[in-house]
Amino acid sequence: MASRLSIKSILDPDNIVFIAPILVIASFFHVFSHNAGTHSFGQIEILAALILVGYYLWDKIAAVYPLEKIWKKRIEAAVCVVVSIFLALVPFAPLMTWQYYNLYKNSDRYSFNKQILAAIITAWLGVGVLFYSSYTLLADRMATQNASVPESSYVAPTQGQ
């Protein structure tokens, strides 16, 4: 029996991580906009993708690790996310890559390959797009602000002779 695409199959914990790259790609249409509202919506899309990456890790820790390590690994993942939030998401991608590498190393290494790759790519691409779009938007605003400032016609007084 072939699997069918439905809301239930998409929201399945094994497939929910595949929504994250779609959100990041969809954010390309919004996050580079000069309109502040559209730009913010694109940022929300990226943050939702990063939340899905974190949720998938949280869910798969219970499936992969032995019972005595589950809460230790979940606390470790939560600490990585909290540190990333306090440091403005800069270390999110490397810390999640490390967490997903450990998940891959402790799993059977075949059943979660696509999901782990989707999560890692989403983390790196999402954080990269988030910062690059903010940088380009700020650079454009600074360029237009500096271009609109009129030059001064003030002539400095010369020292007495």
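Mentor: Let's start with Leu-89, which is buried because its relative accessible area is 15%; buried means under 20%, exposed over 50% and partly exposed in between, with a 1.4 Å probe and protein chains only. This is a predicted model, in which local features need pLDDT of at least 70 and side-chain atom pairs count only at pLDDT 80 or more, while totals for chains, interfaces and linings use all residues. Residues are numbered from 1 along each chain as its sequence is written, and side-chain values use heavy atoms, leaving out hydrogens and water.

Leu-89 sits in the loop between α4 and α5. Helices here are DSSP runs of H or I with at least four residues, strands are runs of E with at least two, and both are numbered from the N terminus. Although Leu-89 is not a glycine, its phi is positive, at about 65°. Most residues other than glycine have a negative phi. Ala-88 lies in that loop between α4 and α5 as well, and its phi is also positive, near 60°. With 46% relative accessibility, Ala-88 counts as partly exposed.

Helix α4 covers residues 70-86, and its 17 residues should span 24 Å at 1.5 Å a residue, which agrees with the 24 Å between its end C-alpha atoms. The expected span is 1.5 Å times one less than the number of residues.

Which residues of α4 are buried? They are Ile-70, Lys-73, Arg-74, Ala-77, Cys-80 and Ser-84. These residues cover an arc of only 120° around the axis, so they lie on the same side of α4; the arc is that of the directions from the helix axis to the C-beta atoms. On the face turned away from that buried side you will find the exposed residues Trp-71, Lys-72, Ile-75 and Phe-86.

What does the buried side pack against? Its partners are α3 (36-64) and α5 (92-106). Two packed helices are described by the angle between their axes and the distance between the axes. Axes are lines fitted to C-alpha atoms, for helices over the stretch in contact, and angles run from 0 to 180 degrees between N-to-C directions.

Take α3 to begin with. The axes of α3 and α4 come within 9 Å and cross at roughly 165°. That makes α3 roughly antiparallel to α4, a label for angles over 145 degrees, with under 35 roughly parallel, 65 to 115 roughly perpendicular and the rest oblique.

Next comes α5. The axes of α4 and α5 come within 9 Å and cross at roughly 165°. That makes α4 roughly antiparallel to α5, and this crossing is left-handed. The contact includes Lys-73, Glu-76 and Cys-80 of α4, with Phe-92, Trp-98 and Asn-102 among the residues of α5.

Finally, look at Asn-102, which belongs to helix α5. Asn-102 counts as buried because its relative accessibility is 8%. Not counting residues up to four places away in sequence, Asn-102 touches Tyr-65, Lys-73 and Glu-76.

How values were computed. Contact = heavy atoms within 4.5 Å. Left-handed = near helix turned anticlockwise from the far one by under 90°.
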